[in-house]
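Please open the structure in your viewer and keep the selection panel at hand. The stops below are to be taken in order.

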Amino acid sequence: MRPRRLRSALTVLSTVATAATLALGTAGPSSAAPVHPAPVHHATAAQHLTPLTQLLAERLLLADKVAAAKYGTDTPIDDPAREAQILDDVRARAAVLGLDPDAVAAVFRDQIEANKLVQRGLYAHWDANPGERPTERPDLAKEVRPALDRITTQLLTALQATEQARAVPSCGPRLTTAAAWSACTHRLDALHLKGLARAVPSVCA
């Protein structure tokens, strides 16, 4: 990650963590039911990129199921072939939507890395706390990947809808506000806050 993007991610993480702490007190588990906020006017939501960051948070939370499916098996966290397939697919679909394929691929690369960050954190936690290891193994092919594919389609649509908002200098502050809102509504814990910070650096053009 370039220094400027790293600083941006760390700034978002700090702001999001502070906002989440103030809103929630002691952060609940990431699996807790989302808080349903008061309705937000469509123009305001688009201005603050909230629909987009909501999808980023939803995708990030699927890392828990990915980790539960892989933990204790020979399936590695890193899957270069699968990752390349995803990036090739979103590049092609971005071109159809009139978006910059490389810029869209960068956003999805951040999502992949954020997902792996959470997986590694969960592995470390489960290794240290055997009693908290998952008791069920989700089906990657039938349950998890279809959910990821659905969010991929929604993210592409959201990136198209926010193309202009993501290209202006005020995108950074608006993204921070939106990320904080999504962190609160999804009750993200410390690990998932770090994941969200890793997910956002390429959103603003």
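This is a predicted model: local features need pLDDT of at least 70, side-chain atom pairs count only at pLDDT 80 or more; totals for chains, interfaces and linings use all residues.

**The nonpolar core.** Begin by selecting Val 104, Phe 108, Trp 126, Leu 155, Leu 159 and Leu 196, which touch the most other members of the largest nonpolar core, a set of 49 residues. Next, colour helix 3 (50–70), helix 4 (80–96), helix 5 (101–128), helix 6 (140–161), helix 7 (171–185) and helix 8 (190–199); these are the elements that give two or more residues to this core. Helix 3 contributes the most, with 10 residues.

**Phe 108.** Centre the view on Phe 108 and display its contacts: leaving aside residues up to four places away in sequence, Phe 108 touches Leu 87, Val 90, Thr 152, Leu 155, Leu 156 and Leu 159.

**Glu 83.** Move to helix 4 and select Glu 83. Is this residue buried or exposed? Glu 83 is buried, because its relative accessible area is 10%, below the 20% cut-off. Its side chain forms a polar contact of 3.2 Å with that of Lys 116. Beyond four places in sequence, Glu 83 touches Asp 78, Arg 109, Ile 112 and Lys 116.

**The cavity.** Helix 3, helix 4, helix 5 and helix 6 each supply at least two lining residues, and helix 5 provides the largest share, four residues. Coloured by class, the lining shows six nonpolar, two polar and seven charged residues.

Notes: Residues are numbered from 1 along each chain as its sequence is written. Side-chain values use heavy atoms; hydrogens and water are left out. A nonpolar core is a set of buried Ala, Val, Leu, Ile, Met, Phe, Trp, Tyr and Cys residues joined through side-chain atoms within 4.5 Å. Buried means under 20% relative accessible area, exposed over 50%, partly exposed in between (1.4 Å probe, protein chains only). Contact means heavy atoms within 4.5 Å. A polar contact is a pair of N or O atoms within 3.5 Å; within protein, one must be able to donate a hydrogen and the other to accept it, and residues adjacent in sequence count only if both atoms are side-chain atoms. Ala, Val, Leu, Ile, Met, Phe, Trp, Tyr, Cys and Pro count as nonpolar, Asp, Glu, Lys and Arg as charged, and the others, Gly among them, as polar.
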